[in-house]
Amino acid sequence: AHLVADVPRDASGRPAIAEWQLAVDYGTANPFDAGLLGVGYDDRLYLTRGWRWDSRKERRQLTDAEYSTKLRRWVDDTLPADLGAPVELERVHVDPSAASFSNQLHRDGWTGVRNADNEVLGGIRSVASLMAAGRLKIVDHPSLGDGVTEMAGYQWDEDALERGEEKPVKVNDHFPDQLRY
């Protein structure tokens, strides 16, 4: 019910999306995970595409400037060809611990860059509420495959629960983190 085949489309086949946003969980040693979200005219949020750089798999870390360049290429070239329409971002929500990357985006002319809200439990509750209400849809696209797997494996820290704390296990959580931003 949360996975959909595609974003809604208008009569001409263009995405019926009122606003595009990008959410970024920054990583150097850990994966860097970006998700393209569309706010549909149907008042739903669609996670449409993802871009990930896993420095361990790639055997190479990227600089902030390289991340910015690769993201720009993805947004300006790859996404329009894939979605069949240009993607003009209204906002870019960036992991607040990645101040140097946010600064790089500003230097490179990105607009709408904002520090994401990093309140973990509130973010988890928001995502869960949107999903329960049917207002958050994840497009079944290969670029989101690793992330959907991470969502399925998202779990609470049992030791913390025994102490009366609610916190997730911080392993393979990059996709869920960018989604809650």
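Analyst: Begin with burial: a residue is buried under 20% relative accessible area, exposed over 50% and partly exposed in between, using a 1.4 Å probe and protein chains only. Here, Tyr-26 and Phe-32 are both buried. This is a predicted model, in which local features need pLDDT of at least 70 and side-chain atom pairs count only at pLDDT 80 or more, while totals for chains, interfaces and linings use all residues. Residues are numbered from 1 along each chain as its sequence is written, and side-chain values use heavy atoms, leaving out hydrogens and water.

User: How many aromatic pairs are there?

Analyst: Rings of Phe, Tyr and Trp (its six-membered ring) pair if their centres lie within 6.5 Å; planes under 30 degrees apart are stacked, over 60 edge-to-face, and the rest tilted. By this rule there are eight aromatic pairs. The planes of Tyr-26 and Phe-32 meet at 70°, with ring centres 5.9 Å apart, so this pair is edge-to-face. Trp-51 and Tyr-67 are also paired edge-to-face, at 6.5 Å centre to centre and 90° between the planes.

User: Are Trp-51 and Tyr-67 buried or exposed?

Analyst: Trp-51 has a relative accessible area of 14%, so it is buried. Tyr-67 is buried too, at 0% relative accessibility.

User: Which residues do ring pairs link into a cluster?

Analyst: The cluster consists of Tyr-26, Phe-32, Trp-51, Tyr-67 and Phe-101. For contact, look for heavy atoms within 4.5 Å. Leaving aside neighbours within four places in sequence, Phe-101 has contacts that include Phe-32, Tyr-67 and Leu-71.
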